[in-house]
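Reader: I'd like to go through this one with you. Could you tell me what the labels rest on?

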Amino acid sequence: MTPPNVLLLAIDSLRADAVFGPEVATPNIDRYASRGAAFRHCVSTTTSTTPSFSSILTGCYPPKHGVRGLQGYRLSSSLTTMAEVFAAGGYRTHAEVTGPLLPQTGILRGFEDARHRQGYKVPFFEWRDEVVDRMHSYVDPWFMLLHIWEVHRPYRAPPDFTKRWDKAGYQAAVRATDEWLQPVYDACGDNTIIVITGDHGEDYPDTAFQQKLIRLARKSRKTLRLKSWLPALDQRFQSLSVGHGFALHEHLVRVPLIISGPRVSPATIEQQVRHVDLFPTLCDLCDLEVPNGIDGRSLRPLMEGGTLPEEPAYMEAVGVKLEGNRIAGARTADWKLLRVGTAKPALYRLNGGGSPDEKRNLYGRYPEVARPLETFIAQVEESTVVDEEAPLSEEDEATIEQHLRDLGYL
Ligand SMILES: [Zn+2]
């Protein structure tokens, strides 16, 4: 049997409810969701781009792959990446990526042809057609990572490309991206497994007016140095953040995951799954060997109507705004435990994800729920792999920093 090609399409900042919810029309993505396996409760590992992709591409949590921020980290050289496994299995491997996914981060290891798009400032232009042209020259079987920046802040959707920062702007960008991707799908052919996901979710203000208030709060924090004399207000203003990376709220960690194509029957899966599960799942579908010691597991049993025992998801927030105060989290269908450093954790009830309550901290009331999640976080954090590779060179570090500046992260 001819091995299937694989397109791994990661739409930056794509929330689960933008695809599975009723508010945004995404007919093209919906078509793949109804033809294939639609995972309605997929959790991203982190809410920052580079660490999230590191988990997708290695099947490992950050303590193991070592990428724990946008800056200053490189993927552990001791791990085998998804692209390396596909290449070893006879696949031609191609990457078309954007934003902070620079070759210096090590996460493009294993791609024989990795192109970083410089034009993230002007989305929705000729880049797609260049990519589609290149796809037509791919030799079967191929594996492709396509990382789309069109839904990332600021939202600039056709026809006018005006910078927007609110819900309406986000939703317009999602709608336009869904339409704009059609030629990419058309270039895939029938024998291609198409995976659609987001690297993390997004928080946006509901209105343009709210965005103005948030901007004002940010400005006051900085200019009035609120932290030093009104720390409570400073904290309050800080929590008004929008975008991603700074927290592990449901809107930030819930992403769509759709797998469709040959060997995949239609299925809607309500059980919680994790981004780290994607790598072993694709290996399973393509008869490739899964590397030892990874954190994910194949989801094929769920796709075929079977069962898998529930497993918690480990999560990290490592965004620039946290100034090094990493948030670690563990999530099940019903609960989420969050911890910053050695401070007392917080426990929130998610109610199956349908109506999560992320305001009421129930840590003191449910120790029997909190304890195992704390143990799980500790176990993941201990699973660090020692990397012999030298740290990033000054030059690589400077290149990454410049790109992050261009993207507005710094
Ligand atoms: Zn991202």
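Author: Here is how the terms apply to this model. It is a predicted model, where local features need pLDDT of at least 70, side-chain atom pairs count only at pLDDT 80 or more, and totals for chains, interfaces and linings use all residues. Residues are numbered from 1 along each chain as its sequence is written.

Reader: What makes strand E1 largely enclosed by the rest of the structure?

Author: A residue is buried if 20 or more other C-beta atoms, placed from the backbone, lie within 10 Å of its own. Seven of the seven residues of E1 (residues 5-11) pass that, so the strand is largely enclosed. Asn5, Leu7, Leu9 and Ile11 are buried on one side, and Val6, Leu8 and Ala10 on the other.

Reader: Why is E1 said to pair with strand E6?

Author: Two strands pair if DSSP finds at least two bridges between them. E1 and E6 (residues 192-197) have six, in the parallel sense, so they pair.

Reader: How do you know whether the radius of gyration of the protein chain agrees with a compact globule?

Author: The radius is taken over C-alpha atoms, and the globule rule is 2.2 Å times the number of residues to the power 0.38. For 410 residues a compact globule would come near 22 Å; the protein chain has 20 Å, so the two agree. Its C-alpha trace spans about 65 × 50 × 50 Å along the principal axes.

Technical notes: A residue is buried if 20 or more other C-beta atoms lie within 10 Å of its own, exposed if 12 or fewer, and partly exposed in between; C-beta atoms are placed from the backbone. Helices (H or I, at least four residues) and strands (E, at least two) are DSSP runs, numbered from the N terminus.
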